[in-house]
Amino acid sequence: MGENVHKLPYGSWPSPIDAALAAAHDGHPEYVGFVGDEVWWTEPRPTEGGRRTLVRRRADGTQESVLPPPWNVRSRVIEYGGQPWAGAEVDGEPLVVFVDFADQRLYRYRPGGEPRPLTPLSPVGGGLRWADPQLLLDRGEVWCVLEEFTGDGPTDVRRVLAAVPLDGSGAADRDAVRELSDDAHRFVTGPRLSPDGRRAAWLAWDHPRMPWDGTELLVADVGAGLSGARTVAGGPEESIAQADWAPDGSLLYAGDRTGWWNLYRDGTPLCPREEEFGGPLWKLGHRWFAPLDNGLIAVVHGRGATALGILDPETGELVDAAGPWTEFTPTLAVHGERVVAVGASPRSAHEVVELDTRTGRARVIGAAHDDPVDPAYYPEPQIRTFTGPAGREIHAHVYPPHNPGCVAPDGRPAPYVVWAHGGPTGRAPLVLDLEIAYFTSRGIGVAEVNYGGSTGYGREYRDRLREQWGLVDVEDCAAVALALAEEGTADRDRLAVRGGSAGGWTAAASLATTDVYACGTIIYPILDLAAWADGETHDFESQYLESLVGPREEVPGRYAERSPTEHAERITAPFLLLQGLDDVICPPAQCERFLARMAGRRVRHAYFAFEGEGHGFRRAETMVRVLESELSLYAQVFGLNPPGIPTLELAK
């Protein structure tokens, strides 16, 4: 052992990764696009109230935030939002349209001037919202998705494709906004126009399906509006994740009819593989592929992790970009022979990456990762596959405790926290996350479980959670935790569970139905299925439980049987409960009812409800409080002694 390495118990290792550092690096660039030859994207600003700004990279490589606070480029369509901006070069200068989070209006902006509203305000319900804009300069319009509330309830809403005049005449006049489609479908994505401008394609789906269950690919003729819409692919049992036109006028789409999201051109498979070329459409405008002018197609693809590749549709040959990145997010933009994407790895946070398809060379051009501490403190993940109930495979990433200056004395294995991701139709990516490093560098292991129902492993794996939510996710997380304890990696008596949103549900359900964990951290959770199904959430997920739990009219008992709120008496382990007061997806009422049921039970716990936070904490000060409180919970329950952390008061 080197002379500078100290023997200290797990959980007491000093670390340069404090909560403020982790919070400052939360979030990542999103929604890349070209404006002329320039690359633009959105980027989070946790220390500026959690807003998202628009970043411009000039031809000389300099970067600047083009909108000052409080402008916040973020759409609330389907609450998770979607592509919030579009741009083009006009007379040698950028012209950009974007959605501002505060009022959800669409604005027009030219650098040097002030943003000008293009859409009106509406006093009804959630107002008028816009997403996935396409700038059609020859028509003087922006074509996009319009979400319009028709009443005060979260499901009093309609969605159509709409054309917004670029001249500002719609800013005070709803009638100046043309509706391009009817509202026959509950959900739509933004239209994509064919190269000759004569046809438009978009996706649509209806309750109770989620977009990963079944979507339709619609094509219509373009005149003054859209006419003769017809379904050309997809349906109730096939999910089309994205569609776009190739330069030759053929229609490309990613569909999962084989059990994997693969690429098709006019219905013919292009590169059939047992891996994903698409994913769950949580935000409108996600892009897993982008056709280039030369006929090649840029793709984000993989099984579990994702790579950036270039597909030759004529030969089926697929060549991945070389580089350190092990994960690419579903955003792509192309211009000439340039492809721009967002990539990350276990050693680097998300960066804007440009690939030159002529040379095959990829380089970082924006949001470049800069090590805020010595990378020796980063965790070293292991990609593991565990065996769960009935012999099923469970995918997980295990991050053992890691600190270059410390080792633990022999004898007792490390405490571990099992992280359950949100969604639940999603997955935990294998990327540098300073929140994970915050724990591992102090001597607490983390295991991220891609439980049954996670994406990236085909439809069959995704469908494991059908009607099994609260069972399979809980069992898979427990199986990983117990396997780590059995092999001597984790301490059986010092296991915790943690998750947000759907992961908060899994954490709470795990405390209510298993004796695996000594404590848990439950973040903006679902806790009461019946109330959530009765209109306590937003429209997009209002019928998600039909597939996750089962049709309510057929299995009403299941909704109470599985809800942690209904079984508060079973929870004996200490817990931390964290909630945003502005959350319309998992509202505070869920936490408040749960705590009322816990009253008098003398279970140690703490509850924090944060003003100005919604579903997903965005403010640096919130994230600092969350991480420090979470660490203090583990310290008290596991008997750890982390230096310099305020003690969390646990009520009984």
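In this predicted model, C144 has a relative accessibility of 0% and therefore counts as buried, the limit being under 20%. C519 is likewise assigned to the buried class, because its relative accessibility is 0%. C519 takes part in no disulfide. The nearest cysteine sulfur to that of C519 belongs to C477 and lies 15 Å away, whereas a disulfide would require two cysteine sulfur atoms within 2.5 Å. Across the structure, the number of disulfides is zero.

**The second largest pocket**

The second largest pocket has a volume of about 1,200 Å³. Its lining is made up of 38 residues, and those closest to the centre of the pocket are Q134, R192, D244, R287 and V334. Several strands contribute two or more residues each to this lining: β2 (30-35), β6 (85-90), β10 (128-136), β15 (192-193), β19 (240-245) and β27 (327-335). By residue class, the lining of the second largest pocket comprises 21 nonpolar, eleven polar and six charged residues.

S15 is situated in the loop that runs between β1 (6-7) and α1 (19-24). With a relative accessible area of 18%, S15 is buried, because the class covers values under 20%. What does the side chain of S15 reach in the backbone of I17? A polar atom of that side chain lies 3.0 Å from the backbone nitrogen of I17. The side chain of S15 also forms a polar contact of 2.7 Å with the side chain of S441. When neighbours within four places in sequence are set aside, S15 is in contact with S441 and R442.

H301 belongs to strand β24 (residues 297-301). Is H301 buried or exposed? The relative accessible area of H301 is 4%, so this residue is buried. A polar contact of 2.7 Å links the side chain of H301 to the side chain of D320.

**Backbone geometry**

Two cis peptide bonds may be described here. One joins P69 to P70, with omega near 5°, and P70 lies in the loop between β5 (63-65) and β6. Another joins H207 and P208, with omega about 0°; P208 is placed in the loop between β16 (199-205) and β17 (216-222).

D266 has a phi of about 50° and is not a glycine. The position of D266 is the loop between β21 (262-265) and β22 (268-269). D266 is exposed, because its relative accessible area of 54% is over the 50% limit. S501, also not a glycine, has a positive phi of about 65°. S501 sits in the loop between β36 (490-500) and α5 (502-513). The relative accessibility of S501 is 11%, so S501 counts as buried.

**Partly exposed positions**

V407 is part of strand β33 (residues 406-407). Its relative accessibility of 31% falls between the limits of 20% and 50%, and V407 therefore counts as partly exposed. V407 and V299 are 108 residues apart along the chain, and their C-alpha atoms are separated by 42 Å.

G49 occupies the loop between β3 (38-45) and β4 (51-57). The relative accessible area of G49 is 45%, so G49 is also classed as partly exposed. From G49 to N72 there are 23 residues in sequence, and the distance between the two C-alpha atoms is 9.7 Å.

**Accessibility of selected residues**

The table collects the values for residues discussed above.

| Residue | Relative accessible area | Class |
|---|---|---|
| C144 | 0% | buried |
| C519 | 0% | buried |
| H301 | 4% | buried |
| S501 | 11% | buried |
| S15 | 18% | buried |
| V407 | 31% | partly exposed |
| G49 | 45% | partly exposed |
| D266 | 54% | exposed |

How values were computed
Residues numbered from 1 in each chain as written. Predicted model: local features only at pLDDT ≥ 70, side-chain atom pairs only at ≥ 80, totals over all residues. Heavy atoms only, no water. 1 Å grid on protein atoms, 1.4 Å probe; cavity = no way out; pocket = protein on both sides within 12 Å on 5 of 7 lines; lining within 4 Å. Points joined across faces, edges and corners; volume = space filled by probe spheres on them. Helix = DSSP H or I, 4+ residues; strand = E, 2+ residues; numbered from the N terminus. Nonpolar A, V, L, I, M, F, W, Y, C, P; charged D, E, K, R; others polar. Buried < 20%, exposed > 50% of the residue type's maximum accessible area, 1.4 Å probe, protein only. Polar contact = N/O pair within 3.5 Å; in protein donor to acceptor, adjacent residues only side chain to side chain. Contact = heavy atoms within 4.5 Å.
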